[in-house]
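Visitor: I'd like to learn how to read a few features in a model like this one. Could you walk me through them?

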Amino acid sequence: MVSPLYDVEKHLAPDAIVTNDAVKMPMKKASSLRTWGPAMVAVAAVLAVNVALLGPTGGQIPALSETHQNFKIAAEERTRAVLNMDSHWKDDLLLGRQIGSRNLSHEEGGVMEYTRRRHRHLTEYVFVDVSGEFSSFGKWSVTVIYFAYWVFLMFPNWFLPIGRPGIALGGGLSMVVYRYILQMTGNGPFFDAIKVIILEPLFLLFGLMLTTIYLEKMERGGLFDKLRESLDDAVNWKRVAKIMTMSTIGSAAVMNDSVVLIFSGVVVDLCVRHKVADSIPYLLALATTSNIGSALTMTGNPQNILIVSLAYDDISWIAFATDMVLPVIAATFINAVMMFIYYGKELFPGSSGIIENWGIMFFGNRTPEMLAQEHAYYARQAVTEEMKRHEEEEKAAGWTLWSKIQVLVVCSFLVCFALGLDVSVVSISAGSILMVIAAYKRQHYDPRPIMMEYDAEGNELPPKKLYDMEGNEILPEDEELVTESETSLTEVDYGLLMLFIGQFLLIGSFNDTGIPQAFFNVTMGGCADQMTSVPCVYWFVMIVTILSNIASNVPVCQMLAATFPYATPYDWMQVSFSATIAGNLTMLGSAANMIVAFQAAKVGDRTFTSERHAPFGIPSTLFCLYAGTFLLSTFHWSPECSEKLGTCDGDYNADYGGNY
C-alpha cells in the first residue's frame, strides 16, 4: 500500500517536493484574545502579587529593620565624611574619568580616598543632576518630545516610511536644537550632546560588523557556513532549540550584542532555506535568549559591565555567575516552554495541541507534515551532496587554510575578551586583521573575475580596451585593483550606528530632566531604602523593568549608582537581573532586539516588529523576571551588606563612618 504522503509527493514537481510547498496549510489569523491574552494574564498576575504583598496603596510596606536603619546611617555618615575631605586635584587630573584602584593602601588613603574618587566620578561623569536648572515648561516639553519619538521608534510602520535609523537620528538632532533654544530662552541648562553619546558600544558594533562581514564572505564553506550548518535541522522545534542553546551560551561567554549581530543573518537564512510560514519564533528565540543568557556573567551585556565597574564593593566573576545561575536557568526554561506553547503551530506543524507536542519532543512521534518537512530537508541535502562530489578531495583534506585562520582570529578574540581587554579595541582589531587577510587572499589566491561580454547571437566579444589620459593603452595587469573600501566596508550597517547615536541623544536629554529619577522615587515610596528586601524587591524589579524600557537600562543603572552609592553586591545582583531580563519586554528594551530587527530587515525579513514582539515578550519577561527574582532573593551568596562601608560587622558604631 502506498502511503498518502508518498502519493502526494509523486504527483508534485521535483521543485515542489524540495521546497515542501505542497504540505503548507493556509494559516488562520489568531484572534486578539489569543494574541494578547497571555500578556494580559501576566500583567494581572504581577499586579495581584504586588497588591497582595504591599497592599493596594502600599500600606503593607514593612517598617525599616534595624539593619536597614544602620545601613542608612552609615551611608549618610560616609557621604558627609567624603564631602569634608580635601580635594586632591592633581590626582583627579591624572585619573580623568577613571576611579582608579578599589583597594588603596593606607598611605594612599585607603577606603576613604577610594570613596572620594568614586563620589567624584559618579557626580561629575556618571550621573550629573541638572534637573533643577529646567523650568517647568522646559522639563515637560522635553519629556513630550522624547515620548513622541519613543512612540515613533516603537511603531515606525504607523507613520512615514522613514525607518528607525532616520527617526532616531532626526529625533536626536531635533532634541539638540530644541535644548539650545531652551538654553537661550532660560528654560533649560546646556546640553552636553557629546557626553551623552557613549562611544564604546558604537566602536564595538563597528568592529563586530566588520568581523562578521569577513567571516561570512571570506570563503564558501568556511567558519560562517559551518556555524549555519550546526544550527540547521529538519525539524522546526529542534532548530529553534539549537538557536536558543547557542544564543544563551554565546551571550554568557561573549556578549549578547555580538551573538545577535553574527547570527541574525544566519537565522533568517535558515528561515528562507526552509520556507517557514512564520519567522517570528526563530528571531524571538535568538533575541530573547541572548538577553537571558547575558544575565549569567558580568561580561554578558553592557549594563553588567557598568554595574561591576560602579559597584562600591568588589564583585568577582565567579560570585556574579554563582548568584545568577539559578535565575538564568529558570528564565531559560520558562522562555523555552512559552516559546513552544505560543508558537506550537509553526514549530509542530500538524500537531493537535500541547499533549501531542509533548509526545513529539520526548517520544519521537511525527505528524505527516513533519515527515514531509524531513523528506524535503534530506532531499535538499542529497542534491547538495551531489553538487559537492567534485570537491571530495578538498573535503577530505578537512579545514582549509583560510578556515583555520578564521578560527584562530575568533579564538584570539575570545581569549582577549576573557582576559578583560577592551572589547571595542579587540573587535575592531579582529575585523582589521580579517580585512588584511581577505585582501591578501583576493589578490594572490582567488581567481580574477572574467568580464566577458556577448553579442545578441551569443558570440563572444573582444575585451574592451582602456586608455589613460595620454592615450596610452592600460593593460589588464596595470589596472587598479578593487579595494576593500569599495567592497566590504560599504557593507557595514552605518544606519545601525546612526540609530544608536540618535537614541543616545534622545535618552540623554530625557534623563537630564530628572523625570526618571522622580518616577523612581515616587513609585518606590517607603520601599526605596529596602528595595531588595522581600516584599519590596518584587515591586522594585517591576519599576526597574519599566524604566529600562522607557529610559534604557544603562542610564537606569547609572541613575541607581548615583542615587544609592553604597548599594550592596546583592542589591546590584537584583538590578542586573531585572535590567537585563527587562530587555525582552518591548522592542526598545535592549540593543539586541534592535540589532535582530535591523539585521533581519537588511536581508528582506521585516516581520520582526514591535506589534509582533510584544504579545510574546511581555508574558515571557514578567514570568521570567518574577521567577528569577524569587530564586535570587531566596538563594544568593553575595552579601547583603557592604564591607567597604563597614556594615558587615556584627556591631555597628555610627562614628566609624568617617574613620574607617
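Predicted model: local features only at pLDDT ≥ 70, side-chain atom pairs only at ≥ 80, totals over all residues.

Visitor: Let's start with handedness: is the disulfide of Cys641 and Cys648 left-handed or right-handed?

Guide: A disulfide is a covalent bond between the sulfur atoms of two cysteines. The torsion about the S-S bond of Cys641 and Cys648 is about 100 degrees, so this disulfide is right-handed. Its sulfurs lie 2.0 Å apart.

Visitor: How many disulfides does a search of the whole structure find?

Guide: It finds two. The other pair to look at is Cys527 and Cys536, joined with an S to S distance of 2.1 Å. Here the torsion is about -70 degrees, so the disulfide is left-handed. Counting bonded cysteines along the chain, the pattern is 1-2, 3-4.

Visitor: Which of these cysteines are buried, and which partly exposed?

Guide: Relative accessible area decides, with buried meaning under 20%. Cys641 is buried because its value is 17%, whereas Cys648, at 31%, counts as partly exposed. Cys527 and Cys536 are both buried.

Visitor: And how do I read helix packing, say at what angle helix 24 and helix 26 pack?

Guide: Look at the two axes and then at the side chains between them. Helix 24 (residues 515–524) and helix 26 (residues 553–563) pack at about 65 degrees, with axes 11 Å apart, and the crossing is right-handed. Pro516, Gln517 and Phe520 of helix 24 meet Met559, Leu560 and Thr563 of helix 26. Of these contact residues, four are nonpolar, two polar and none charged.

Definitions and conventions: Residues numbered from 1 in each chain as written. Heavy atoms only, no water. Axes fitted to C-alpha atoms, helices over the stretch in contact; angles between N-to-C directions. Helix = DSSP H or I, 4+ residues; strand = E, 2+ residues; numbered from the N terminus. Left-handed = near helix turned anticlockwise from the far one by under 90°. Contact = heavy atoms within 4.5 Å. Nonpolar A, V, L, I, M, F, W, Y, C, P; charged D, E, K, R; others polar. Disulfide = S-S within 2.5 Å. Buried < 20%, exposed > 50% of the residue type's maximum accessible area, 1.4 Å probe, protein only.
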